[in-house]
Amino acid sequence: MSDTPALHLEAVERRYVQGNATLEILSGVTFSVWPGESVALIAPSGAGKSTLLHIAGLLEQPDSGEVFIADRPTVGLADSERTSIRRTDIGFVYQFHHLLPEFSAIENTMLPQMIRGLSRGESKKRATELLAFLGLGERLEHRPSELSGGEQQRVAIARAVANAPHLLLADEPTGNLDPHTADHVFETLAKLVRATGLAAVIATHNLELAGRMNRRITLQEGQIVELA
Ligand code: ADP
């Protein structure tokens, strides 16, 4: 195991003020995720899962504490630097795929690479390999509307890891799928984590799927609690 966590949160606090009330969502969250490790985040709605993932993904700033991406503190960085880390080092998968409807599976997977500055040829090569690895080798030219729900989510996973990030953050990635398809998408995700040494944090309500991850955590009163 590498001695640098892919993600480390140190004493992260986040609260929302609503009228006269203050909601304490994260009250001193400290935890690490290591390369090659898959962590399931299981907690009821409203517990703060999305908030935690947004802060870990540099989409939102904590009120206090520090977020280290591969040992690099990020809270004090300029927005442009945070965006650059997000593009190269962090991949996101959401419950709904958010693929671009006008573009094919391969184009959707090429785009983040081209935005980062890779050539069309390089982007296409990596996109082709990745989609084939995820079982979509026969679907490269299909648009999202021509793909099943499970296939769409696998393209979303390919897009998320297209730039070979060290960290993958997924918010209910199979929440919108039937159990059999969810199972398949989850297996694909697990295979990818094993093959690439990616660190993954996956929020899910599915306890059976969570049971297949390396670690399970929950949020209780704003703190991370490790589950069996
Ligand atoms: P989860 O993903 O576990 O369902 P969230 O992180 O989305 O939880 O939200 C945690 C709590 O914080 C919820 O009670 C939600 O209403 C509240 N919340 C989230 N974002 C905001 C915001 N921007 N302003 C005020 N309250 C918010």
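This is a predicted model: local features need pLDDT of at least 70, side-chain atom pairs count only at pLDDT 80 or more; totals for chains, interfaces and linings use all residues.
Q: How many bridges pair strand S1 with strand S4?
A: Strand S1 covers residues 7-18 and strand S4 covers residues 64-69. Within this pairing, Glu 13 has Ser 64 of S4 as its bridge partner, and Leu 7 is bridged to Ile 69 of S4. The two strands pair in the antiparallel sense, and the number of bridges is five.

Q: Which residue of S5 is the bridge partner of Phe 68?
A: Strand S5 spans residues 72-73 and pairs with S4 in the antiparallel sense over two bridges. In S5, the bridge partner of Phe 68 is Pro 73.

Q: Which residue in the turn of the S4 and S5 hairpin has a positive phi?
A: The hairpin formed by S4 and S5 has two residues between its strands. A phi of about 50° is found in this turn, and the residue that has it is Ala 70.

Q: Which residue in the turn between S9 and S10 has a positive phi of about 50°?
A: Strands S9 (residues 215-220) and S10 (residues 223-227) run antiparallel and are joined by five bridges. One of the bridged residues is Leu 219, whose partner in S10 is Ile 224. S9 and S10 form a hairpin with two residues between them, and the positive phi in the turn belongs to Glu 221.

Q: What percentage of the area that the ligand exposes when taken alone does the protein bury?
A: A polar backbone atom of Ala 47 lies 3.3 Å from an oxygen atom of the ligand. Taken alone, the ligand exposes 560 Å², and the share of that area buried by the protein is 62%.

Q: Which element gives the most residues to the shell around the ligand?
A: The residues around the ligand include Tyr 16, Gln 18, Lys 49, Ser 50 and Thr 51. By class, the shell divides into four nonpolar, six polar and one charged residue. With three residues, the element that gives the most to the shell is H1.

Q: What is the volume of the largest pocket?
A: The lining of the largest pocket consists of 19 residues, and those nearest its centre are Arg 87, Ile 90, Phe 92, Pro 112 and Arg 159. The volume of this pocket is about 530 Å³.

Q: Which element supplies the largest share of the lining of the largest pocket?
A: Helix H2 (79-89), strand S6 (90-93), helix H3 (105-116) and helix H5 (149-160) each supply at least two residues of this lining. The lining comprises eleven nonpolar, five polar and three charged residues. The largest share is four residues, and these come from H3.

Q: Which element gives the most residues to the lining of the second largest pocket?
A: The second largest pocket has a volume of about 260 Å³. Helix H4 (120-133) and helix H6 (179-196) each supply at least two residues of its lining. The element that gives the most, with four residues, is H4.

Q: How many nonpolar residues line the second largest pocket?
A: This pocket is lined by 18 residues, of which Ala 164, Pro 165, Thr 196, Gly 197 and Leu 198 lie nearest its centre. The lining includes three polar and two charged residues, and the number of nonpolar residues is 13.

Terms used
Residues are numbered from 1 along each chain as its sequence is written. Side-chain values use heavy atoms; hydrogens and water are left out. Two strands pair if DSSP finds at least two bridges between them. On a 1 Å grid over the protein atoms alone, a cavity is a set of points where a 1.4 Å probe fits but cannot get out, and a pocket is an open set with protein on both sides within 12 Å along at least five of seven lines; lining residues have an atom within 4 Å of a point. Grid points are joined across faces, edges and corners, and a volume is the space filled by probe spheres set on the points. Ala, Val, Leu, Ile, Met, Phe, Trp, Tyr, Cys and Pro count as nonpolar, Asp, Glu, Lys and Arg as charged, and the others, Gly among them, as polar. A residue is near a molecule or strand if one of its heavy atoms lies within 4 Å of it. A polar contact is a pair of N or O atoms within 3.5 Å; within protein, one must be able to donate a hydrogen and the other to accept it, and residues adjacent in sequence count only if both atoms are side-chain atoms. Accessible areas come from the Shrake-Rupley method with a 1.4 Å probe; for residues, only the protein chains shown count as cover.
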